[in-house]
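Work through the following exercises with the sequence and the coordinates open side by side. Each task is followed by a solution that goes step by step.

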Amino acid sequence: MKHQNTEFKKLEKSDLINLHKWLNTPHVIASYENKPSSFEEVKSKYITRITGEDPTQSFVIIYDNKPIGYIQKYLVSNDHELKNYVNGESVGVDLFIGEPSLIHKGLGSRILQAFLKKHVFDENNIESCIVDPLTTNASAIRAYEKAGFKHFKITDDQESKYLMIIFRYEVL
Ligand SMILES: CC(C)(COP(=O)(O)OP(=O)(O)OC[C@H]1O[C@@H](n2cnc3c(N)ncnc32)[C@H](O)[C@@H]1OP(=O)(O)O)[C@@H](O)C(=O)NCCC(=O)NCCS
């Protein structure tokens, strides 16, 4: 796929319609969200990220000038489970490409690499970044490997997650 420009726009109220559509797309339900969501459920979950009450920072992925998906970052120290597995200042990232026609074409790994430079390691105190796909999410794991992440732990909670990490010196 020809490489186009990727940008990240802060999530706004007007994006909730797209977010609701994407979160109800079968490939996103299967690997990101677990179940369909009503518009009201999506709004009440994500509005606090728009107002800033929830410190998770949310962005729309803009590819070739079109909104195609969602990406968020949070401080691992704010996550009661993941903070037990990582030393130092670390950021966790979650993402999905909402448009089914655009998955598995090499975009996800490139989006993640761009996000690391623009919105993760732009903050000087951040030493590492982690992603936590389910152990069953083979295509996400492969995409993250291609972006440079390395596996370091499988969590032992109910849904086992495949933790992967990348360090500042590997990106900048
Ligand atoms: C995860 C996601 C962002 C990755 O983006 P993407 O553009 O699809 O990823 P890429 O095309 O860069 O890489 C996917 C890789 O998985 C491979 N792949 C696809 N299906 C696979 C499968 N069933 N088993 C193993 N590998 C698979 C692809 O061949 C590709 O590897 P390759 O380039 O070596 O051939 C995207 O697929 C997505 O949004 N999925 C739904 C939501 C989700 O799972 N989010 C992540 C939650 S942690």
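Helices (H or I, at least four residues) and strands (E, at least two) are DSSP runs, numbered from the N terminus. By that convention, serine 139 is found in helix α5, residues 138-146. The model is a predicted one, in which local features need pLDDT of at least 70 and side-chain atom pairs count only at pLDDT 80 or more, whereas totals for chains, interfaces and linings use all residues. Residues are numbered from 1 along each chain as its sequence is written, and side-chain values use heavy atoms, with hydrogens and water left out.

**Exercise 1.** Describe the span, the bend and the buried residues of helix α3.

*Solution.* Begin with the span: α3 (residues 39-51) has 13 residues and reaches 18 Å from its first C-alpha to its last, close to the 18 Å expected, where the expected span is 1.5 Å times one less than the number of residues. Next, look for a bend, defined as the angle between axes fitted to the seven residues ending at a position and the seven starting there; α3 bends by about 30 degrees at lysine 45. Then turn to burial (buried means under 20% relative accessible area, exposed over 50%, partly exposed in between, with a 1.4 Å probe and protein chains only): Val42, Tyr46, Ile47 and Arg49 are buried in α3. The cover over these buried residues includes the helices α1 (16-23) and α2 (26-33), together with the strands β2 (57-63) and β3 (66-75), contact being heavy atoms within 4.5 Å. Finally, glycine 52 follows α3 and has a positive phi, near 95 degrees.

**Exercise 2.** Which side chains place an N or O atom 2.8 Å or 2.6 Å from an oxygen atom of the ligand?

*Solution.* Polar contacts here are pairs of N or O atoms within 3.5 Å. For arginine 142 the distance from such a side-chain atom to a ligand oxygen is 2.8 Å, and for lysine 146 it is 2.6 Å. The protein covers 74% of the 950 Å² of accessible area that the ligand has on its own, areas that come from the Shrake-Rupley method with a 1.4 Å probe.

Note on methods: Polar contact = N/O pair within 3.5 Å; in protein donor to acceptor, adjacent residues only side chain to side chain.
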